[in-house]
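Please open the model in your viewer and take this short tour of its pockets. Have the selection tool ready.

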Amino acid sequence: MRPLESRWYPYALLAPAFLVLVVVSLVPFLFAMYLSFHQINFGRVGDFAGWSNYSRLMDNERTWNSLWVATKFILIAFPLQFILGLGGALLLNKRVWGRSVILPLLFIPTMMAPIVVGLVWKVMFAGSWGLLSYNIVERFGFLEGTSVFSSPDYALLALALVDVWQWTPFMMLAFFAGLQALPVSPYRAAAVDGATPMQMFFRLTLPLMAPLMVVIGMLRFIDAFKVFDTIYTLTAGGPGTSTEVPSLLAYRMSFEQWRIGESAAFAVLVWIGFFVLCSLFYHVAKKKLNAF
């Protein structure tokens, strides 16, 4: 192969992927940005609106409420998923009995469609006859006279626990795959030097697993912020706006209230926020943890 051809060959291989990325990601974003600066009446793009859509969005209390709800949801769900996932992966890595049976079963919650997950947990927490609501919630006096998803105090917590149930096995499997790929020689050397299991975990396992943890953690963080299907099925954002996350609010703005200009502005602001956050996260992880 001639030098010129070899120089362009990698770009030619990457071109289809970049083309798809531009079509399905960049073009919709640019169109949303265009819509956010225009008046839109019943789906028709009108005059240039300047920053008015952004201004109305910032003055809307539901915007800030949805961001706060998403923050609480992530603060409850993400640490539990991470800790339980890592703990489960460490146990599986010890060659526990029945591991060959447990591993395939862990795929089940992750593979279930969010709508199915919502329906299953709607039955589990249904009023006074659901399996968990009857045997645990009411029997131990946590809540009486209403269902968990109808309580402003417990609905978000229940949704976070549903998310933990669905996605902890995914993190467990990802961490388990990382543990299986760790080199054996550092552990043998540490054992010869008399290192304890706790020292090996903090001095070897955590540093070696840090790049994988950063990537998996960032993906779950982004995914938890975007959650829509499960919340829409279980509470539809209620009671009131106690479980209304940004994706649900944007959906209502677009398809129930026809405030498409504001919803487009909301999407643009969320995109910019995540771009800044992920860029900072990337640089910190690269510099401090050598993760990328």
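Keep in mind that the model is predicted.

**Stop 1: the largest pocket**

Select K226, F266, A267, V270 and W271. These residues lie nearest the centre of the largest pocket.

Now colour by helix. Which helices each supply at least two residues of this lining? They are helix 1 (3–36), helix 9 (197–225), helix 11 (246–255) and helix 12 (260–288).

Next, colour the lining by residue class. Nonpolar residues number 16. Four are polar, and one is charged.

**Stop 2: the second largest pocket**

Clear the selection. Then pick N93, K94, L179, Y187 and T205, which lie nearest the centre of the second largest pocket. Here 15 residues form the lining. Helix 7 (155–180) and helix 9 are the elements that give two or more residues to that lining. Select helix 9 again: four residues, the largest share of this lining, come from helix 9.

How much space lies in this pocket? About 530 Å³.

Finish with the residue classes once more. The lining of the second largest pocket divides into nine nonpolar, three polar and three charged residues.

**Last view**

Show both linings together and keep helix 9 highlighted. Helix 9 supplies at least two residues to the lining of the largest pocket, and four to that of the second largest pocket.

Definitions and conventions:
Residues numbered from 1 in each chain as written. Predicted model: local features only at pLDDT ≥ 70, side-chain atom pairs only at ≥ 80, totals over all residues. Heavy atoms only, no water. 1 Å grid on protein atoms, 1.4 Å probe; cavity = no way out; pocket = protein on both sides within 12 Å on 5 of 7 lines; lining within 4 Å. Nonpolar A, V, L, I, M, F, W, Y, C, P; charged D, E, K, R; others polar. Points joined across faces, edges and corners; volume = space filled by probe spheres on them.
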